[in-house]
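Hi everyone, thanks for making time this morning.

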Amino acid sequence: MMQQEIFQNVQIDLSLLPSAGGLDWKPLQQSYRRLLLLSVGLWCAVLIAGITIAIPVTQLPTWVPLLAYAVVIVFSLLQVIFIIKGFPYKGYALRMHDILYKTGWLYKKQIAVPFNRIQHVDIRQGVFERAFGLSKLNIYTAGGQGSDITIPGLLDEEAQHLKEYILRKTTAQDEEE
Amino acid sequence: MRTHPRLLPLKEGLNKLDCYAKGGELPICPAPSIKDQGPDKAMKNSDLFSPQRQSIAAIILILLKFVRMLVRQLWPVVLVLLFNPKGNFEVWIGFVIGILAMISLTGSVIEYFRFYYWIANDHLIIERGFLRRIKLNIPFDRIQSIDFEQNIVHQAFGVVRVKIDSAGSSQQEASFDALEKRQAEQLRDYILAQKAELVGKDVSEEERKEKEARELILHLRPIDLLKIGVSQNHLRTAGIIFAFFFAIAEDVNDALKNADIFGRIGDEVETLARGSFMLALIAIPVFLLISFFVSLVRTVFVYYNMRFWKTVNGFKLESGLLTRREKSAQKDKIQLIGWSTNPLRKLFGIFKLSLYQASSVEVLGDKSIAVPGCYQSHVDRTVASVISEAPGAVYEEHGIHPSARFRFILFAGILPCVVLSIVGLVLERQLAFAVWLYLPIAIWMGHVYYRKKRLFLHPDLAMLKGGVIGDEYKMLQLYKIQAVSVNQSFYQWRRDLATVSMYTASGEVSIPFIPIRKAEQIRDYILFRIEKDNKSWM
């Protein structure tokens, strides 16, 4: 049965379906980009300081620390480019029955999770994020890590609103069942 | 009836009072529950409700477990003692072994006498441990599956190892080293029947009938066992053997830091290898032959007398020569079905069928049932009984874009060739050129990959076909999808192509290199199906 030519045609009228194609994506907060850049800068500074301290201790030939500096700086620059170029591609969209999140510059990802498949939602905030007044919304499904959504760079109350909205939707779905 | 070995601590006592005051009971109240179970059940299963020990054979099995653990941990120490040139090592070894034996024996006896289990208020309760008392309290509705296992010692004593798999935290997994088979069956039947009642389905009658109702789908004949053995992935076995020896060599090397035997052997091997191609030419077939026999023997051990049943609400698989394993899958937990062949299996006309069950915990492999040696008819029957829409379903077919071919060749052909030939240039000139002989194979594989990769869409189903050397199929019901993603690499983005991935609770399937418009339409359709029906996926 499976192997033969059963694969003919059943018309599914895809054009009549509600499309998530032309959505209004809501961008992340601009301050989140500053936060990302700042953390890259900090890492870069820490690593460079580390190398500088290590030079007199380890007594390696001079080209080794120079190479290390170069690697750190090149990687940091690359990260900065990715952050600046990639930022406009990040965003989320809410619809009546699902939530979508997109991210990525060279590798673009778009993930859609229906509300009736959400297991739970939580909000997290790191030390730097707190200083910027930003929060991260995590949305978990039963589909494993690949299908979970993390929306960073939300204002605290924005994250709270989103969470409440989603929870309201998911509980409403449960009651319908 | 034995009494509870321990006085209730104050807190639990208070809780108990509290719950009596409220007119209900807390799950930890052990004894009074018997009355609430209804007269028939209480009489039949009365010994399940008071604290029970395992079968006395458990002492032996726990002891074996201890010994195995000790050997695994300590064999380098023993080796070092053996190789230690100075010192009267015989005394040492006798001493060490004596102490270890004492520890193991007392440990297992204590473990046995400190292990109790009983049922109270639809909870399975296990108390064990000597220095650190552990009390597990597992509500029936959290129990996912109850599996039995028998190795040769179990068989000799007529006992089974019972593994209870519960949703939620993975450390809290309960297992029994040895229960009398009858007792284990009683426990399982009771828990499953109660659980069914709890869930609200009135299947407890059906549960009881299940044993008669189950029908045999597949009973592996010796000739089929042979076919499976021959058609195993011998290269993988070779890899495992290789890794195994490597690990051992490393361990021994660690243990024998002073006696640098392996360093010396390594040097020898290196000079030999540099000297002649002949060695490799002989070694490779010999190694493959060994791998072939190892996987053949392994197959016989694991799949001997395999039987695959369809039960009322799922499937059951039993197999093994020395260790009989029994695994079961529940129909509504199965999120994904896969079947695959490789060239040899194709020749025999057999498939390996996999039923992937939903798992909340990360251990995916454990939650799936693999049934090798299925003929097409077995596959069809199994698929049809899980996915009722499957037989005779008509699909809309989606192929992938031809540029996928080039991508495949680039990443699986040209790139490794370049890397290997650079390595070759450093080591051996001739090798650097020989590597490129692989390229035509990669080109052919890229072509096959492109030709086979297909998505078949049905209003309720999705089926994915793929594979390079063999054929791979995966099928799922759309309402069991948890999330859909549409991804584009830079290369895909330039050509307006995308990859659609569908995530289920037991794995993901994806179709790459389809036009972005189509990808979005498929995504929209899947979302529409999930949201409109609002059907429970488990």
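Let's begin with helix α15, residues 403-427 of chain B, and helix α17, residues 438-452 of chain B: they pack at an angle of about 155°, and their axes are 8 Å apart. Please keep in mind that this is a predicted model. With angles over 145 degrees counted as roughly antiparallel, α15(B) and α17(B) are therefore roughly antiparallel to each other. The crossing of α15(B) past α17(B) is right-handed.

Which residues meet there? On the α15(B) side they include B:F408, B:I409, B:A412 and B:G413, and on the α17(B) side B:L439, B:A442, B:I443 and B:G446 are among them. Sorted by class, this contact has 12 nonpolar, three polar and one charged residues.

Now let's step back to the whole chain. Chain B has 19 helices and 20 strands. It runs to 538 residues, of which 30% count as buried. Among contacts in chain B with a separation of 6 or more, 59% come from residues 24 or more positions apart.

On to the inside. The largest nonpolar core has 82 residues, and B:V500 and B:I526 touch the most other members. Helix α19, residues 516-533 of chain B, gives the most to this core, with six residues. And what does B:V500 contact, beyond its neighbours within four places in sequence? The partners are B:V484, B:V486, B:S510, B:I511, B:I514, B:A519, B:I522 and B:R523. There is also a second, separate core of 31 residues, with B:L61, B:W118, B:I164 and B:A184 among them.

Terms used: Residues are numbered from 1 along each chain as its sequence is written. Chains are lettered from A and ligands numbered from 1 in the order in which they are written. This is a predicted model: local features need pLDDT of at least 70, side-chain atom pairs count only at pLDDT 80 or more; totals for chains, interfaces and linings use all residues. Helices (H or I, at least four residues) and strands (E, at least two) are DSSP runs, numbered from the N terminus. A residue is buried if 20 or more other C-beta atoms lie within 10 Å of its own, exposed if 12 or fewer, and partly exposed in between; C-beta atoms are placed from the backbone. Two residues are in contact if their C-beta atoms, placed from the backbone, lie within 7 Å. Axes are lines fitted to C-alpha atoms, for helices over the stretch in contact, and angles run from 0 to 180 degrees between N-to-C directions. Angles under 35 degrees count as roughly parallel, over 145 as roughly antiparallel, 65 to 115 as roughly perpendicular and the rest as oblique. A crossing is left-handed if the near helix is turned anticlockwise from the far one by less than a right angle, and right-handed if clockwise. Ala, Val, Leu, Ile, Met, Phe, Trp, Tyr, Cys and Pro count as nonpolar, Asp, Glu, Lys and Arg as charged, and the others, Gly among them, as polar. A nonpolar core is a set of buried Ala, Val, Leu, Ile, Met, Phe, Trp, Tyr and Cys residues joined through C-beta atoms within 7 Å.
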